[in-house]
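Here's a quick tour of one structure, going through its inner space, its aromatic rings and its charged pairs. Have the model open and follow along.

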Amino acid sequence: PYANCYCALHECKGGNPRCDVYVEGLAALPCDQIITTSTAPTNDWSVIDWSHRVICIEAGDHTGRGDLDVAASGTAGARKVLRYTRASDADDEPWHQSTGNKAKVSRLYLAGYSAWLVHRLTFDGDATASHGAIYLTDGNNDIVFNRILAEDYTYTIAGMGADGLYVNDRNTIQNSVLRKAWPSSSGENQIIETAASPNLHIINNELYDGNKATSVGDGNPSIGGGVFENNDVYTSADFYTDCNGNYDAAYPNPCAPMEVGLGFKAAGTAAAPVLVTHNRVWGLRDGDGVLSGGGQTGPASPIVFSAYWNGTGADYMVIQNNIIWDSSVGIANYHGQGSTDGANLPPDGPNNVDIVGNLIYDIYNHTPDAPNGTTAGVNFWRADEVAVYANTVLEVDGPWLAISSGQGESADNADARCNVAVNAAGGLADDGGTGHEHDRNIYYGGPHADETNRISNAVTARAN
């Protein structure tokens with residue numbers, strides 16, 4: 001929660017006006033019922049008495065019981081708790097526990113139940129489970145997942161109201177590790193997927209090795225008030241491939257079965273924008289088309305704002321104070337779901353996106369064996385009213401900012417000011433759209449744009 005000496009402002013904890021849920025106190029409530037590996041029957045969860053407030057799962061492997069289907073709700077004043085326990089519990093994190101000390105569950109299924117704290121459980125797919133770890137349906141509100149581990153699934157790990165079928169509100173995943181959504185023939189396997197989930201908070205997590213760390217907007221596109229804060233998002237060497245379908249952690253110029261870090265095909269509203277802030281995203285590689293499908297061979301982008309086939313886009317976003325490095329692109333916008341010939345593009349792209357105060361560096365083609373076009377620090381070509389202010393972009397083998405047009409579309413009313421570009425080989429590339437303003441940017445070690453008030457070569461080498 002205090003990575004890089006930063007305390008997330010939206011973490012659920014007692015006294016926080018942005019999420020005043022006394023997680024610490026709820027997690028310390030005594031168990032009303034304890035389920036051990038020997039609690040009969042051992043092949044399902046029917047022994048749980050859902051009238052209890054605090055249900056504890058003792059350390060051990062409970063995956064043979066199948067889905068854990070929640071069958072009751074708490075209230076705002078008395079949330080129910082599903083948590084870990086063991087004798088002589090040291091309050092250790094599940095990702096630091098030995099195999100025997102983990103409380104392993106196959107899948108948690110919530111069908112319309114609300115007001116829960118889920119705490120310190122391990123969801124283990126054993127790299128074979130053809131389902132995810134967490135699945136929310138309609139009306140699952142006010143649920144906090146705190147300090148959980150979810151790993152090794154061949155399916156999307158956390159479905160927070162996915163596929164446009166369900167609406168849920170005020171849910172949080174925080175202080176957790178979700179990793180390794182292995183590719184499969186079932187389609188894209190994300191770490192977290194969500195659609196109609198306003199006020200969703202993804203806070204203080206480690207998210208890595210999946211097609212996308214977050215996939216927002218597949219279906220009903222409302223996540224107004226959503227916050228994605230202080231997460232570490234990356235690709236580990238375990239996910240690297242030889243670009244031909246074979247995992248190889250030591251391959252010199254690797255690909256990976258992935259597409260995006262934090263991805264948004266939908267976002268917020270003017271009254272409830274989405275905030276993406278203080279995240280660290282790195283190590284993304286070009287897609288391995290053998291494992292991920294031929295349509296996913298391009299550069300994987302750390303943060304993407306895009307659109308969906310029904311015309312909605314990632315409108316009203318603030319992308320602020322993130323650190324992005326070691327990838328082929330920094331922050332990008334694509335046309336959205338649709339064919340590459342333009343015939344089935346969404347009728348509208350993202351609007352009103354602010355990109356402010358981000359640090360973007362070491363952006364170049366990391367997979368020369370499978371080159372996929374020009375790299376860029378910030379790139380958008382189908383979005384209107386995008387403001388790019390006070391960012392620092394350095395060491396890029398393409399433009400620090402690329403505003404493009406194509407397929408009959410363009411980006412209009414872009415405003416880029418007060419940014420710093422250091423060793424950006426492509427300068428500022430603006431070849432499409434109307435109403436653009438770029439001025440008062442600072443350039444060093446690379447070409448500058450023709451701006452009235454630019455500062456070029458602001459740093460001069462001295463002999464002594």
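How do the residues of the lining of the largest cavity divide into nonpolar, polar and charged? There are eight nonpolar, three polar and two charged, where Ala, Val, Leu, Ile, Met, Phe, Trp, Tyr, Cys and Pro count as nonpolar, Asp, Glu, Lys and Arg as charged, and the others, Gly among them, as polar.

## Ground rules

This is a predicted model, with local features needing pLDDT of at least 70 and side-chain atom pairs counting only at pLDDT 80 or more, while totals for chains, interfaces and linings use all residues. Residues are numbered from 1 along each chain as its sequence is written, and side-chain values use heavy atoms, with hydrogens and water left out.

## Inside space

The structure holds two cavities of 30 Å³ or more. A cavity here is a set of points on a 1 Å grid over the protein atoms alone where a 1.4 Å probe fits but cannot get out; lining residues have an atom within 4 Å of a point. Points are joined across faces, edges and corners, and the volume is the space filled by probe spheres set on them.

The largest cavity has about 50 Å³ of space. It is lined by 13 residues, and the closest to its centre are Asp-209, Gly-210, Ala-213, Tyr-234 and Met-258. Strands β18 (206–208), β19 (212–216), β21 (232–234) and β22 (260–264) each give at least two residues to that lining; strands are DSSP runs of E, at least two residues, numbered from the N terminus.

## Rings

The whole structure has ten aromatic pairs, meaning rings of Phe, Tyr and Trp (its six-membered ring) with centres within 6.5 Å; planes under 30 degrees apart are stacked, over 60 edge-to-face and the rest tilted. Trp-182 and Phe-239 are a tilted pair, because their planes sit at 50°, with ring centres 5.4 Å apart. This pair links distant parts of the chain: Trp-182 is in the loop between β15 (177–181) and β16 (192–194), Phe-239 in the loop between β21 and β22, 57 residues apart.

Phe-239 also pairs with Tyr-247, again tilted, at 6.4 Å centre to centre and 40° between the planes. As for burial (buried is under 20% relative accessible area, exposed over 50%, partly exposed in between, with a 1.4 Å probe and protein chains only), Phe-239 is buried at 0%, Trp-182 is buried at 17%, and Tyr-247 is partly exposed at 38%. Elsewhere, Tyr-208, Tyr-234, Trp-282, Trp-325 and Tyr-361 make up one aromatic cluster, and Tyr-234 is also one of the residues closest to the centre of the largest cavity.

## Charges

Side chains of opposite charge can pair when their charged atoms come close. The count is 18 salt bridges, each a side-chain nitrogen of Lys or Arg within 4 Å of a carboxyl oxygen of Asp or Glu. One of them joins Arg-107 and Asp-67, with the closest N and O atoms 2.8 Å apart. Arg-107 is in strand β7 (residues 107–110) and Asp-67 in strand β4 (residues 67–70), so this bridge ties together parts 40 residues apart in sequence. Arg-107 is buried at 18%, whereas Asp-67 is partly exposed at 29%.

Asp-91 and Arg-120 form another salt bridge, with the closest N and O atoms 3.6 Å apart. Asp-91 is partly exposed at 44%, while Arg-120 is buried at 3%. Both belong to a salt-bridge network that also takes in Arg-86, Asp-89, Asp-92, Glu-93 and Arg-147.

Conventions: 1 Å grid on protein atoms, 1.4 Å probe; cavity = no way out; pocket = protein on both sides within 12 Å on 5 of 7 lines; lining within 4 Å. Helix = DSSP H or I, 4+ residues; strand = E, 2+ residues; numbered from the N terminus.
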